[in-house]
Amino acid sequence: MKLDVNALGTFYRMAREGAGLAAGRLTHMTGVETQVGVTKLNFMRGQEIRRDFEDSTEKVGVRVNLTGAIEGYSMVVFERDNALRIVETLLAEADDAELDGDDVEFDEMTKSAATEVGHIMNSGFIDGWADVLETVIDVSTPEFVQGATAEPFFGDIEETPDDDDLALLFQSRIETVGTEVGFSHYLFPKRESMSSLLEQLRTSGGIEYDKLDGFDRMAERGAEEVAKTATTLTGIDTSVEIRRLNFVSLEAIPEQVADEKLVGVAFEFDGMPSGYLLFLFDEESAHEIVDAMVPMEVDEDGFGEMGTSAIKELGNIMASGFLDGWANVLDTTIDHSTPEFIHDMGAAAVDPVIIQLGEDQEFAFVFDTVVVADGREFDCEVYAIPDEADLERALNNLDVDRIEETPTTAEFQEVNNT
């Protein structure tokens with residue numbers, strides 16, 4: 001099975017169109033103004049999907065079976081309280097009822113209302129896909145599902161990926177005025193159906209799916225190297241949180257960035273592949289880094305000459321660890337620029353990179369990682385955005401057997417904070 005940017009771009013447009021129809025239908029049902037938030041195509045492993053469901057949060061979902069141009073299952077999943085909030089809106093006018101998300105169980109009436117909402121939103125997605133593909137997709141009777149683990153939702157679906165298998169999933173968020181109604185949308189297509197559709201949409205040589213799988217594993221190892229490097233340099237024990245490979249439109253990347261003052265370091269890397277690498281911290285995390293790395297008083301805001309130097313030093317060495325690992329596995333050379341310090345609001349922190357990439361491409365694969373500190377505030381979002389043409393060439397030359405055999409090592413001197 002091969003992927004190319006054209007096919008994934010079509011899938012992305014399907015996801016956006018479907019989310020737009022789903023949002024409009026939710027507005028029509030509830031009378032609450034809605035808009036589409038972030039839409040992404042996630043490449044996720046089965047174990048990551050299951051981890052999403054096993055966070056001790058009760059969830060409800062509505063799933064349908066698909067036949068026609070796409071075969072498999074489509075499922076909309078809400079946190080239980082969000083589902084009840086929507087149901088309350090639908091039922092309040094009828095009986096002036098107020099539902100307390102902590103106390104109310106789903107009875108026949110509330111199940112019916114939730115199922116109707118889920119079915120209409122599923123149908124919105126699917127109708128959007130059918131519109132983009134100019135084809136027909138048939139939908140079964142909706143099924144209501146609830147639970148706090150993955151098992152009730154897709155334990156009986158053969159198309160669900162195994163723990164180490166990589167699956168392409170759609171994720172969208174719909175925002176309502178005054179509150180955010182977040183939900184996850186999962187499409188579990190039959191492999192034969194997906195392969196056939198990708199073949200129809202493909203316009204270039206494409207990337208073998210197992211090569212993308214391998215590159216995802218390679219990026220994971222690079223992220224682990226970043227965490228080890230951060231631990232050594234700062235003395236703050238860090239680890240890698242759930243990481244996903246996303247396929248998004250460039251214009252959507254700023255939407256994913258937190259709307260707050262950020263501190264970071266940006267790099268341009270050149271070789272096979274080329275692209276951009278960003279490490280972004282919130283201000284509090286950045287202050288923790290400076291305090292850990294600089295053994296003396298710094299400027300009041302923490303980002304004077306010494307503070308800026310500390311952030312850039314950490315970013316520079318983390319970038320080397322991340323990219324050297326890629327180069328070792330790809331048996332190539334990847335050089336990166338000197339670090340560029342960033343201290344700006346949310347989207348403005350990534351806009352320069354998006355503008356430069358946008359001259360040549362519309363979409364990007366984004367390796368989105370979070371490095372988390374143990375016991376201290378130190379969260380780092382890592383965005384690795386390779387040039388799409390370079391990525392395709394690099395992956396076509398990738399020997400997936402080298403990934404586990406090749407060490408990812410970074411050489412650096414430990415900073416003495418005493």
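First, the term I need: I call a residue buried under 20% relative accessible area, exposed over 50% and partly exposed in between, with a 1.4 Å probe and protein chains only. Housekeeping next: this is a predicted model, where local features need pLDDT of at least 70, side-chain atom pairs count only at pLDDT 80 or more, and totals for chains, interfaces and linings use all residues. Residues are numbered from 1 along each chain as its sequence is written, and side-chain values use heavy atoms, with hydrogens and water left out.

**Overview.** I get 13 helices and 18 strands; helices (H or I, at least four residues) and strands (E, at least two) are DSSP runs numbered from the N terminus. Of the 418 residues, 54% are buried. I looked at contacts too (heavy atoms within 4.5 Å). Among those with a separation of 6 or more, 78% link residues 24 or more positions apart.

**Strand β9.** I checked residues 183-189, and seven of the seven are buried. In a regular strand the side chains alternate between the two faces of the sheet. Here Phe 183, His 185, Leu 187 and Pro 189 sit on one side, with Ser 184, Tyr 186 and Phe 188 on the other, and both faces are covered. I then looked for a neighbour: β4 (residues 72-79) runs antiparallel to β9, joined by seven bridges. Pairing takes at least two DSSP bridges. Val 76 has His 185 as its bridge partner.

**Helix α9.** In residues 283-293 I find Ser 285, Ala 286, Glu 288, Ile 289, Val 290, Ala 292 and Met 293 buried. These buried residues pack against α7 (209-234), β13 (261-271), β14 (275-282) and α10 (305-330). At the N-terminal end, Asp 282 is the cap, with a side-chain oxygen 3.1 Å from the backbone nitrogen of Glu 284.

**α7 and α10.** How do the axes of α7 and α10 cross? They come within 9 Å, at roughly 150°; axes are lines fitted to C-alpha atoms, for helices over the stretch in contact, and angles run from 0 to 180 degrees between N-to-C directions. The two helices are therefore roughly antiparallel, a label for angles over 145 degrees. Residues making the contact include Phe 215, Met 218 and Gly 222 of α7 and Leu 314, Gly 321 and Trp 326 of α10.

**Met 109.** I found Met 109 in helix α4 (residues 108-133). Met 109 is partly exposed, at 43% relative accessible area. Its C-alpha atom is 9.5 Å from that of Val 87, 22 residues away along the chain.

How values were computed. A polar contact is a pair of N or O atoms within 3.5 Å; within protein, one must be able to donate a hydrogen and the other to accept it, and residues adjacent in sequence count only if both atoms are side-chain atoms. Angles under 35 degrees count as roughly parallel, over 145 as roughly antiparallel, 65 to 115 as roughly perpendicular and the rest as oblique.
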